[in-house]
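Here is a short tour of one model. Look at the sequence and structure first, then read on.

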Amino acid sequence: MAVLLTVPMASADPVDDTLILNGETEMVTRTAAPDHVSDAMDEVLSGWHFRGTETRAMQADDFDNPGMIFVEKAEDTWNAVDGSEGESCASCHGASDQMAGVRPTYPKWNEEAGEVRTLEMQVNDCRTNRMGAEEWKYTGADMVNMTALLASVSRGMPVDVAIDGPAQSTWEQGKELYYTRFGQLELSCANCHEDNYGNMIRADHLSQGQINGFPVYRLKNTKLNAAHSRFKGCIRDTRAETYNPGSEEFIALELYVASRGNGLSVEGPAVRN
């Protein structure tokens, strides 16, 4: 663990605070670990607990959360006709809030397609096969805005990703990737987010790497960021060749990482550093 040997680290416990969205909805940001990760940790914690006072407050109020600007853009897209079939998202699904409960279950097994699908994959399937519209770039602005909208209408609902049945082999692949050391620094996801969460590394507070808040608005790059973009950045930071967003590897990793947060509230769009 070369980086952990060369970079000063100090302990800094996660903040003991309660996230109440818009002064009304209390979010579950810490809860007992799901059975399938209980051998590694007793409790799962949202990344919200590892951010500073101002950042936590920013997420708690939609008027202050910069990610909500992109949700509003996606709302316009939701109602706009696109493609050769003359359809909009609303044509089939109704108002966007009718999609409450969708985000918490993704990634999930799609029986008809015979594969695990992320929400991005399902959105593109709807666009190409039902709307006759062009596929969106996996982590492009249109896609990340839309997934933020779909997350926003499920805020407060518990993540409930299924990992049994036909999805299990993909989940196992994701678990293997989570514990695989990458790059010149020979670091795995677990080295930071399981072994060292709560520690400070340089000026950053290591979280458990939960993705219940994605897409997230990052103050670092002032835009919404997809989970696969963060995966790509993490592997790149180990000085390794990384996978592409939407790749088989990242789909599997997303399923595994999402399942580690089962029971936490959907928060997207969350605000992070």
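What volume does the largest pocket have? The largest pocket has a volume of about 1,200 Å³.

## About the model

This is a predicted model: local features need pLDDT of at least 70, side-chain atom pairs count only at pLDDT 80 or more, and totals for chains, interfaces and linings use all residues. Residues are numbered from 1 along each chain as its sequence is written, and side-chain values use heavy atoms, with hydrogens and water left out.

## The largest pocket

A pocket is an open set of points on a 1 Å grid over the protein atoms alone, where a 1.4 Å probe fits, with protein on both sides within 12 Å along at least five of seven lines. Its volume is the space filled by probe spheres set on the points, which are joined across faces, edges and corners.

Lining residues have an atom within 4 Å of a point. There are 42 of them here, and H193, D204, L206, R230 and C234 are the closest to the centre. Helix α9 gives the largest share, 6 residues. By class, the lining has 20 nonpolar, 13 polar and 9 charged residues (Ala, Val, Leu, Ile, Met, Phe, Trp, Tyr, Cys and Pro are nonpolar; Asp, Glu, Lys and Arg are charged; the others, Gly among them, are polar).

Strands are DSSP runs (E, at least two residues), as helices are (H or I, at least four), numbered from the N terminus. Two strands pair if DSSP finds at least two bridges between them.

Strand β10 (216-218) pairs with β11 in the antiparallel sense over 3 bridges. There, V216 is opposite N225.
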